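Welcome! Please take a moment with the sequence and the 3D view, and then let us walk through a few places together.

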Amino acid sequence: MNEYESRDQIIRSMGFPTYRDYLQSKLWRGIRQRALLRTQFKCVKCHGRAWEVHHTEYSRLVLEGKMIRTLMPVCRICHQLLEEDKKQRLEVEIEDWKPVPRPKRARAITMKSRRRAS
Ligand SMILES: [Zn+2]
């Protein structure tokens, strides 16, 4: 189960059919407001005006509004960059499962040393 599937499972157990319904709820609007107030509506990345809140994790405590310290107020641009970074990190993790190809440089060194040996 990936983090979005576990997030949606928590969301449903809280009585929201989808995550979108949750984002439109009074509960989320209150949480979002409290998170934004922590930085006086400043983006934690660029210190510009924050309009959005980035989830660094989707735990039950965060989704229920019992913990807001992992919620990062961000501007739209920084939020997009953060989401892209998250995707990149996931790709790197998947990449790790593949066998690592032999670097070209190592082969060149081998050839050179062979030449030197003869
Ligand atoms: Zn920003």
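D21 is partly exposed, with 14 other C-beta atoms within 10 Å; a residue counts as buried with 20 or more such neighbours within 10 Å, exposed with 12 or fewer, and partly exposed in between, with C-beta atoms placed from the backbone. D21 sits in helix α2 (residues 19-23). Its C-alpha atom is 9.1 Å from that of I11, ten residues apart along the chain.

This is a predicted model: local features need pLDDT of at least 70, side-chain atom pairs count only at pLDDT 80 or more, and totals for chains, interfaces and linings use all residues. Residues are numbered from 1 along each chain as its sequence is written.

Now for helix α3. Helices (H or I, at least four residues) and strands (E, at least two) are DSSP runs, numbered from the N terminus.

| Element | Residues | Number of residues | Span, first to last C-alpha | Expected span |
|---|---|---|---|---|
| α3 | 26-38 | 13 residues | 19 Å | 18 Å at 1.5 Å a residue |

The expected span is 1.5 Å times one less than the number of residues. In α3, the buried residues are I31, A35 and L36. Seen down the helix axis, they fall within an arc of 130°, so they line one face of α3; the arc is taken from the directions from the axis to the C-beta atoms. On the other side, K26, R29, G30, Q33 and L37 are exposed. After α3 comes Q40, with a positive phi near 55°.

L71 touches A35, V53, H55 and V62, leaving out residues up to four places away in sequence; contact means C-beta atoms, placed from the backbone, within 7 Å.

Notes: Contact = placed C-beta atoms within 7 Å.
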